[in-house]
Amino acid sequence: MTNTYLETLYPTWGQQFVMDEVLFEVDTGHQHLVIFNNAQWGTVMALDGVIQTTEKDEFIYHEMMTHVPMLAHGNAKKVLIIGGGDGGILREVLKHESVESVTQVEIDQQVIDMCIQYLPNHSAGAYDNPKANIVIDDGVEFVNNCTEKFDIIISDSTDPMGPGEVLFTSRFYQGIKNCLNDDGVFVAQNGVSFLQTDEVKTTFKRLSPLFKEAGFYSGAVPTYVGGIMTFAWATDNLALKQVDVATLESRFAQANIKTRFYTPALHKGSFALPQYILDALI
């Protein structure tokens with residue numbers, strides 16, 4: 001009998017994966033984590049019935065979460081990553097040689113160790129980079145007690161349930177505001193908007209009082225099924241979203257990084273949102 005994994009993010013509908021080989025599985029009592037191989041998607045990691053990342057399409061998510069804020073800013077020296085234990089965001093941030101330091105706050109060292117072992121291409125050696133400062137701490141506590149300021153803050157969290165829920169709260173966003181430079185930008189994973197519209201509404205409602213501009217951009221990640229994924233965007237620098245394609249192209253060329261999904265034109269277009277999202281933000 002074929003061993004399969006059924007995603008249970010939505011109660012009435014899901015996607016199913018053939019597990020060719022289970023590499024790792026643990027039930028801590030708080031969380032159920034499984035890492036397995038699949039012929040179509042390579043190594044897959046799932047947590048509590050929800051697909052977290054796959055080897056085949058992770059680059060789309062990580063490139064859009066990283067290069068959109070980095071190249072919109074154009075001069076980011078200090079970057080803060082909340083979560084992101086698989087190392088994909090760290091890998092992409094460190095492609096920008098202009099970055100002087102990256103602080104990553106991950107609540108669980110085991111997640112990092114496990115991903116280095118089973119998903120090594122995600123971090124691709126990024127955890128050994130001298131510019132990387134890894135802090136094992138609660139992300140909410142870190143940003144609320146932080147005395148440093150950052151140019152870019154990226155929240156790479158699970159969905160707002162279980163351990164990831166606190167990373168969608170007003171207290172977390174207040175802490176983000178506290179340690180973001182005046183011309184900086186905050187971005188965060190914000191779910192598949194067609195099916196998780198309430199997430200978009202809640203995030204917008206909580207970010208809007210804190211920043212001059214709160215909104216979203218989007219990208220389609222195949223294994224996050226149900227349509228486009230939204231990424232929250234919050235800043236006090238209104239010019240960042242308005243950077244033209246020519247400027248983005250110049251910065252992209254100067255950064256001399258290779259991407260498989262991100263392009264400057266796609267960056268610009270990602271801020272054009274479907275009407276159903278615009279209607280949800282009214």
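Q: Which helices each supply at least two residues of the lining of the second largest pocket, and which of them gives the most?
A: In this predicted model, the second largest pocket is lined by 14 residues. H1 and H8 each supply at least two residues of that lining. The helix that gives the most, with 3 residues, is H8.

Q: Which residues lie nearest the centre of the second largest pocket?
A: The space in this pocket comes to about 290 Å³. Of the 14 residues in its lining, those nearest the centre are His96, Ser98, Arg251, Gln254 and Ala255.

Q: Which element gives the most residues to the largest nonpolar core?
A: The largest nonpolar core has 43 residues, and Val79, Leu90, Val93, Val102, Tyr217 and Trp233 have the most contacts inside it. Elements that each supply at least two of its residues include helix H1 (58-73), strand E7 (78-83), helix H2 (88-93) and helix H8 (245-255). The most, 9 residues, comes from H1.

Q: How many residues make up the other core, which lies apart from the largest one?
A: Among the members of this other core are Ile153, Ala188, Val200 and Leu281. Its residue count is 27.

Q: Which residues does Val102 touch, leaving out those up to four places away in sequence?
A: Val102 is one of the residues with the most contacts inside the largest nonpolar core. Its partners, with residues up to four places away in sequence not counted, are Val79, Ile81, Leu90, Val93, Leu94, Lys131, Ala132 and Asn133.

Q: Why do the buried residues of helix H3 lie on the same side of H3?
A: The buried residues of H3 (residues 109-118) are Ile112, Met114, Cys115 and Tyr118. They lie on the same side of H3 because the arc they cover around the axis is only 165°.

Q: Which exposed residues does H3 carry on the face turned away from its buried side?
A: The buried residues of H3 have a cover that includes strand E3 (21-27), strand E4 (32-38), strand E5 (42-47), strand E8 (101-106), helix H4 (120-123) and strand E9 (132-136). On the face turned away from the buried side, the exposed residues are Gln110 and Gln117.

Q: Which backbone nitrogen does a side-chain oxygen of Asp108 reach at the start of H3?
A: The oxygen of Asp108 comes to within 2.9 Å of this nitrogen. The nitrogen belongs to Gln110.

Q: Is Thr230 buried or exposed?
A: Thr230 is in strand E13. Residues it touches, not counting those up to four places away in sequence, include Ala188, Val200, Phe216, Tyr217 and Ile277. Its relative accessibility is 0%, so Thr230 counts as buried.

Note on methods
Residues are numbered from 1 along each chain as its sequence is written. This is a predicted model: local features need pLDDT of at least 70, side-chain atom pairs count only at pLDDT 80 or more; totals for chains, interfaces and linings use all residues. Side-chain values use heavy atoms; hydrogens and water are left out. Buried means under 20% relative accessible area, exposed over 50%, partly exposed in between (1.4 Å probe, protein chains only). Helices (H or I, at least four residues) and strands (E, at least two) are DSSP runs, numbered from the N terminus. The arc is that of the directions from the helix axis to the C-beta atoms. Contact means heavy atoms within 4.5 Å. A polar contact is a pair of N or O atoms within 3.5 Å; within protein, one must be able to donate a hydrogen and the other to accept it, and residues adjacent in sequence count only if both atoms are side-chain atoms. A nonpolar core is a set of buried Ala, Val, Leu, Ile, Met, Phe, Trp, Tyr and Cys residues joined through side-chain atoms within 4.5 Å. On a 1 Å grid over the protein atoms alone, a cavity is a set of points where a 1.4 Å probe fits but cannot get out, and a pocket is an open set with protein on both sides within 12 Å along at least five of seven lines; lining residues have an atom within 4 Å of a point. Grid points are joined across faces, edges and corners, and a volume is the space filled by probe spheres set on the points.
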